[in-house]
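This report goes through a single protein model and its ligand. Please keep the sequence and the structure open while reading.

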Amino acid sequence: MADSSEKTHQQVQEYYGQRVKNADQLLCTGCIVTSGDVSAKVKDAIKNVHPEVLSKYYGCGLVFPEQVEDCRILDLGSGAGRDCFVLSQLVGANGHVTGVDMTQEQLDVANKHIQYHTEKFGYSKSNVDFKKGFIENLSDAGISDSSYDIVISNCVVNLAHDKLSVLKGAYNVLKDGGELYFSDVYVDRPVPDELRKNSVLWGEGVSGALHWKDLVKIAAEVGFAPPVVVSAKAIATCGKGLEAVIDAVKSDPVIGNNPELLVVLGQLSIASVTCRLFKLPKTVSTSDTPVQVTYKGTVDGHVEQFKLSYDLSLPKSTPVVLPQSVVEMFTSGRLKQHFDISPTSAESPLTSYKSLDQFNRVNPFEVISTPAPSTSSCCQGNSCCS
Ligand SMILES: C[S@@+](CC[C@H](N)C(=O)[O-])C[C@H]1O[C@@H](n2cnc3c(N)ncnc32)[C@H](O)[C@@H]1O
């Protein structure tokens, strides 16, 4: 592995293994997820997770896709395991969740609580396991190609130096029709090298954050369909905020003595974006011919409507006309049985999406919502929007 990746690994392992001991010590998270974002089922599942695991939750979004019963799910950068233990309940006894992480201290906490959760969920054997490894090299961690229905990740890709390898690995381990459903941090402009070298800025997810256009490019290079934005939230006002991050790096001899760099840092717009990247079967249609799709109302916990993205919801029993390529994107995997698809005349009204490529044009910074400034968070630490 290249030197720069090795150095990044060491820096991040030190940050999450030794420096940060609980969520309160992170400078730039909190208040990203609010009560309204979380379904009752997920809230209850979070409440069942052991308090020590909850206290070490360092995510930046919700990574709980719908209809996961019996699925095999892989969590990239699983940390202390909060999302894995929540999903363990949602996939049920016949599903399986694997977490992979490179930091021993995080894995120790996750492994320590496997038995607790197995008993709490009433399972005869655990449906969760944790593996030590780098997310840039999943086969070395013993993870086979085409073996997962869903890959999730919560605030981790920004910490990896080689993002192309991470997305390529996720693509390879997914089955056809599967999806990478992940929350991560993005910046609205390129970050100067001097800032990228600072371990606090990198550890806090600021300087390694991807520029949105780069995600679109990498996703296409790897073979995924264009990113579907589920939610986008500004994070500068969250937790202790960007101000606290700037304070923490003022002692850095390069940054602290360079007022211009501090200005650049202060001007960064940072967003937490949850998006889904589908791995389409080779046989899928790329045609933009309009087709009629009707949601049956059968996805567990989503009776009234199915929400694909921040701006595209399909109400129950209401025919919607969409390009075939878009429909096939979300119906070529586990969600297929929940929709009726039929041909429609070319004159039928289309939704605002006229082609799959239009998903490419969504810039999360243009649709961002800004949570109210607060130090309290929802589903962070020990509390969960109760
Ligand atoms: C911000 S924490 C998020 C942890 C977890 N997803 C959560 O929501 O609590 C980042 C985690 O990713 C892990 N990580 C970062 N880069 C990694 C890499 N290249 N390979 C494996 N794990 C990595 C770190 O060890 C750390 O546990």
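Is V264 buried, partly exposed or exposed? V264 is partly exposed, because its relative accessible area is 27%; buried means under 20% relative accessible area, exposed over 50%, and partly exposed in between, with a 1.4 Å probe and protein chains only.

## Basis of the model

This is a predicted model, in which local features need pLDDT of at least 70, side-chain atom pairs count only at pLDDT 80 or more, and totals for chains, interfaces and linings use all residues. Residues are numbered from 1 along each chain as its sequence is written, and side-chain values use heavy atoms, with hydrogens and water left out.

## The ligand and its shell

The ligand has 23 residues around it, and those that come nearest are Y58, G77, D101, T103 and Q106. A residue is near a molecule or strand if one of its heavy atoms lies within 4 Å of it. By residue class, the shell holds 10 nonpolar, nine polar and four charged residues. Here Ala, Val, Leu, Ile, Met, Phe, Trp, Tyr, Cys and Pro count as nonpolar, Asp, Glu, Lys and Arg as charged, and the others, Gly among them, as polar. Helix α1, residues 3-19, gives the most to this shell, with three residues. Helices (H or I, at least four residues) and strands (E, at least two) are DSSP runs, numbered from the N terminus.

A polar backbone atom of G77 is 2.7 Å from a ligand nitrogen, and a polar backbone atom of I135 is 3.0 Å from a ligand nitrogen. From E136, a polar side-chain atom lies 3.0 Å from a nitrogen atom of the ligand. Taken alone, the ligand exposes 590 Å², and the protein buries 99% of that; accessible areas come from the Shrake-Rupley method with a 1.4 Å probe, and for residues only the protein chains shown count as cover. The space that the ligand takes is the largest cavity. On a 1 Å grid over the protein atoms alone, a cavity is a set of points where a 1.4 Å probe fits but cannot get out. A molecule sits in a cavity if more than half of its atoms lie within 2 Å of its grid points.

## Helix α4

Helix α4 covers residues 82-91 and is mostly covered, with 10 of its 10 residues buried. Among them are R82 and D83 as well as F85, V86 and L87. After α4 comes G92, with a positive phi near 80 degrees.

## Positive phi in two loops

Most residues other than glycine have a negative phi. C155 has a positive phi, near 70 degrees, and lies in the loop between β4 (148-154) and α7 (163-173). C155 counts as buried because its relative accessibility is 13%. S317 also has a positive phi, near 60 degrees, and its place is in the loop between β11 (312-315) and β12 (320-323).

S309 is in strand β10, residues 305-309. Why does S309 count as buried? S309 counts as buried because its relative accessibility is 1%. The side chains of S309 and D311 are joined by a polar contact of 2.9 Å. A polar contact is a pair of N or O atoms within 3.5 Å; within protein, one must be able to donate a hydrogen and the other to accept it, and residues adjacent in sequence count only if both atoms are side-chain atoms. A polar side-chain atom of S309 also lies 3.1 Å from the backbone nitrogen of L312.

S309 and C275 are 34 residues apart along the chain, with 8.1 Å between their C-alpha atoms. L277 lies in strand β8, residues 270-278, and counts as buried because its relative accessibility is 0%.

N198 is in the loop between α8 (193-196) and α9 (199-203), and is buried, with a relative accessible area of 6%. From N198 to I255, 57 residues apart along the chain, the C-alpha separation is 8.5 Å. V264 belongs to helix α13, residues 259-267. V264 and P192 are 72 residues apart in sequence and 8.4 Å apart in space, C-alpha to C-alpha.

Methods. On a 1 Å grid over the protein atoms alone, a cavity is a set of points where a 1.4 Å probe fits but cannot get out, and a pocket is an open set with protein on both sides within 12 Å along at least five of seven lines; lining residues have an atom within 4 Å of a point.
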